Amino acid sequence: MRVFIPVFLILFLVNLGFSQNPTKVLNAERCKTAIKIDGKLDDEGWKNVVGVSDFIQYTPINNVAPTQKTFVKILYDDDAIYVGALMLDSSPDSILRELGSRDNELNADNFSIEFDTYNKQQDGYTFLVYASGVQADFREWDETYDAVWESKVNITEKGWIVEMKIPYSAIRFPKIEEQVWGMEINRGIRRNRETDQWALQLKGTGNDLVYWGKLKGLKKIKPPLRLSFTPYFSLYGEHYPYNVKSHSDLSGSINGGMDLKYGVNESYTIDMTLLPDFSQVQSDNKVKNLSAFETVYEEQRPFFKEAVDLFSKGNLFYSRRIGKQPTGFYDVEYNLKEGEFIKKNPLQTKLLNSTKFSGRGKNGLAIGLFNSITDNTYAVIEDSLGNKRNYLTEPLANYNIFVLDQAFKNNSSFYVINTNVTRDKNFGNSNVTGSGLKLVNKKNSYQFALEGTLSDKYIAVDTLFNNTNNSLGYKYATSFAKIKGNFHFTLWKSTMNKTYNPNDMGLNLSNNEESTGLDLKYNIYEPFGKFRNFNNYLSFTYNNNFTSKKVTSNSLEYRMSTTFLNYLSLWGGTYCMLQNVYDYYEPRVEGRFFRYPTFYNVFLGLSSDYRKAFAFDLEMRYSQTPNFHSDDYSVYLRPIARLSDNLKVDFAVNYTKNFNNIGFVNVDDSNNVVFGKRELTTIENTFTGRYMFENNLSLSLRLRHYLVNGEYNQYYILNEEGDLDENNTYNNNSNFNFNSFNIDLLFAWEFAPGSTLSLAWKNAIMDEKAVVVRNYIDNIENTINSPQLNSLSLKVLYYLDYQYLKRKRK
């Protein structure tokens, strides 16, 4: 390892340079008359405009003529880019046109255009329109990108037409006399699973942008002032049966706030949210966590999903830390005095505001600044006489990120990032700094990467200012990879010491570990025999505890996936632990370890043709730990029905059975670490339905029930050698029966571009008991009869764009 890194580093420095430019060029023409976005292309401005039609098939068969012809023209004026596309089709009645929500992947034909506005082959904007008229947009490294732009679709007897108007305020581009942009144009013919491209891209490459064509002819256009406001107003009410005489079961609030987006110049943008309201975001998938690690939830809040790719450098930002459940949430009940009860205990800290400053200049330097402030969070405790007192569960906190990312030729880059969290009331602060280097050769075929991070956590010793204990930790990682062609590989190594901890703002589930691995991939992209493609992945991983050097993992993993000519997809694989390993986390006690024996698991799945009105996914898993006589079975089934272009429903069920599962129970009064052998049953049902009245008017329903129960049949004491000794004296009841139930019903209407009115009803139930209920129907009945939190919210967002208001005023 010490030898190959300097050798390949020298090769990279020698080979850095620009890739060969694509040859295809389209010249945009300036509008001479106004263009009406109606999907007809009959305006005078479109006449005599030279377009392109030389498309090539990308899939299912690469580099052959498309099955249908496509014609595209591009115009521009001082305010916007205009795109007119005619998709001829020999069977217009076969054009698939499923309706759906914006940015969703639909079973419909589609057209998209992509712009690399700085022509650096580093980032691109994609604007996509389905044949049903639904829009989608994203950036090369940011799928959450959302812009306000216009499009209109028209189905004709010859095929279908799409007309688009993309205002300059939706994109960023340099302030120069004549623009040269990278550009790609794509057409999707869904019934054939066909994708046609204007500039054919090479499969199996790490950077598609190097194969794009060029858009020229954009002269004397100026980056506009990018300024928009989205004020909101909401009404919120909830009901929960507290069963306390002095506590009302009903509560409500009236809320208001605003999102602001301001383009500082053509490259950099400020995004700000003031007093945000996230009451209508999708409910989390709550689970019973039996592991030693925290539960990781997906981010559902729009502000923290959009334009955060820059802040994710080094994997030091986990946005769910902001507005999290208060640290002292569960401490409240242990601090009650006689006769007191909890009147209020907020589940989340209150977010006051968040701000993002981000962008990449024409010299390739990206700058990112992030700041969020959360307020003091108090639980309210009341006694029988009505006296109240506050209990602080989370202090005022300030979250910050600063990042610089310099892009070089061929998608190479170097970044530096710093995250820090400052808390009031001596709750402890933290500071984390990381940097990384990525070098790619000029053929975009090999990549070398190096990363390093330092974490510093300040823990208050007493109430004196700045009297803290510091805990300094570090992590470093390096890798070398082949990233182009049918065969890929990655050779990597990483090290974390015992005190590495970025978790005040990031997410790192384990530390004190050295890890070495080799990943191999061999993918066949073109059809052969009965297969459309075939993908193979093989991975070897060897981990050891950084302090003790004991082996914590020595595994082999294989995965494969393929799609047949009839579009039935199949996947499968296996994961094997090749030797007994030392688990330092399951005992939950510093310095202790559990010797886990060899095990293996296998899985197989298949998916039917998603073009059909009815489709399904099916996956089966089996794992075994022979030394424990432990067997696990799992079945996942998800039928999907498109009852019409407007209505889609799917139902997913996941059933898992664990026999003789071994895991941590607790630490007893004698400080013995108690393990148990248990039988686990997990059933998860999720129903999702969506009805689209129009492109901008929808009703969606999501219903989820999650059940897990565990019954112990043997207890053990973990000895000092990491093995288990039978314990016949432990008589605590550790059985559990956990249910979580959620309903999310949302009516949404986009009454103007970027402006919405939405009405949401949520129902949430969580119930856990120490008595196992085996009958599933009884579990449902018991859950429904448990206390329920019901909420109803009405929210109005109104998008105001400075450029639009300016033109309207004129």
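Tyrosine 706 and phenylalanine 738 are both buried. The model in which they lie is predicted. Their rings form an edge-to-face aromatic pair. Tyrosine 706 belongs to strand β39 (residues 697-718), and phenylalanine 738 to strand β41 (residues 736-752). The pair thus links distant parts of the chain, 32 residues apart.

Leaving aside neighbours within four places in sequence, its contacts are Tyr706, Val708, Phe736, Phe738 and Glu768. With glutamate 768 the contact is polar, side chain to side chain, at 2.6 Å. Lysine 288 sits in the loop between β16 and α2. Its relative accessibility is 24%, so it counts as partly exposed. The C-alpha atom of lysine 288 is separated by 40 Å from that of glycine 359, which is 71 residues away along the chain.

The loop between β16 and α2 (302-305) also holds phenylalanine 293. This residue forms a ring pair with tyrosine 585. The centres lie 5.2 Å apart and the planes stand at 50°, so the pair is tilted. Tyrosine 585 is in the loop between β32 (581-583) and β33 (594-596). The pair therefore ties together parts that are 292 residues apart in sequence. Phenylalanine 293 has 28% relative accessibility and counts as partly exposed. Tyrosine 585, at 25%, is also partly exposed. Across the whole structure, a search finds 41 aromatic pairs. Ring pairs also join Tyr575, Phe594, Tyr596, Phe599, Phe628, Phe664 and Phe675 into a cluster.

Nonpolar packing was examined next. In soluble globular proteins, nonpolar side chains tend to be buried together. The largest nonpolar core here has 39 residues. Within this core, Phe111, Ile113, Phe127 and Met164 have the most contacts. Seven strands, β4 (70-76), β5 (80-88), β6 (110-116), β7 (125-130), β10 (159-167), β11 (178-189) and β13 (213-219), each supply at least two of its residues. Isoleucine 113 shows the packing in detail. Not counting residues up to four places away in sequence, isoleucine 113 touches Ile74, Val83, Tyr125, Thr126, Phe127, Met164, Ile166, Met183, Glu184 and Ile185. A second core is separate and has 22 residues. Among them are Leu310, Phe311, Ile401 and Met496.

Threonine 269 is placed in strand β16 (residues 268-274). Its relative accessibility is 1%, so it counts as buried. The cut-off for a buried residue is under 20%. Its side chain makes a polar contact with the side chain of arginine 172, at 2.9 Å. Apart from neighbours within four places in sequence, threonine 269 is in contact with Arg172, Arg226, Lys261, Tyr262, Gly263, Val264, Lys356, Phe357 and Ser358.

An open sheet is built from three strands in the order β17-β20-β21. The pairing is antiparallel. Strands β17 (340-344) and β21 (388-394) stand at the edges. Each has a single partner strand, so one side of each lacks a neighbour in the sheet. On average, neighbouring strands are turned by 35° against each other, direction ignored. Six bridges pair strand β20 (residues 377-383) with β21 in the antiparallel sense. Within this pairing, glutamate 382 stands opposite lysine 388 of β21.

Two hairpins share strand β29. In one, twelve bridges join strand β28 (residues 513-524) to strand β29 (residues 531-545), and the two run antiparallel. Glutamate 513 has asparagine 545 in β29 as its bridge partner. Six residues lie between β28 and β29 in this hairpin. Glycine 529, in the turn, has a positive phi of about 55°. Asparagine 543 stands opposite serine 553 in β30. Five residues lie between β29 and β30, and lysine 549 takes a positive phi near 70°.

Conventions. Residues are numbered from 1 along each chain as its sequence is written. This is a predicted model: local features need pLDDT of at least 70, side-chain atom pairs count only at pLDDT 80 or more; totals for chains, interfaces and linings use all residues. Side-chain values use heavy atoms; hydrogens and water are left out. A nonpolar core is a set of buried Ala, Val, Leu, Ile, Met, Phe, Trp, Tyr and Cys residues joined through side-chain atoms within 4.5 Å. Buried means under 20% relative accessible area, exposed over 50%, partly exposed in between (1.4 Å probe, protein chains only). Helices (H or I, at least four residues) and strands (E, at least two) are DSSP runs, numbered from the N terminus. Contact means heavy atoms within 4.5 Å. Two strands pair if DSSP finds at least two bridges between them. Axes are lines fitted to C-alpha atoms, for helices over the stretch in contact, and angles run from 0 to 180 degrees between N-to-C directions. A polar contact is a pair of N or O atoms within 3.5 Å; within protein, one must be able to donate a hydrogen and the other to accept it, and residues adjacent in sequence count only if both atoms are side-chain atoms. Rings of Phe, Tyr and Trp (its six-membered ring) pair if their centres lie within 6.5 Å; planes under 30 degrees apart count as stacked, over 60 as edge-to-face and the rest as tilted.
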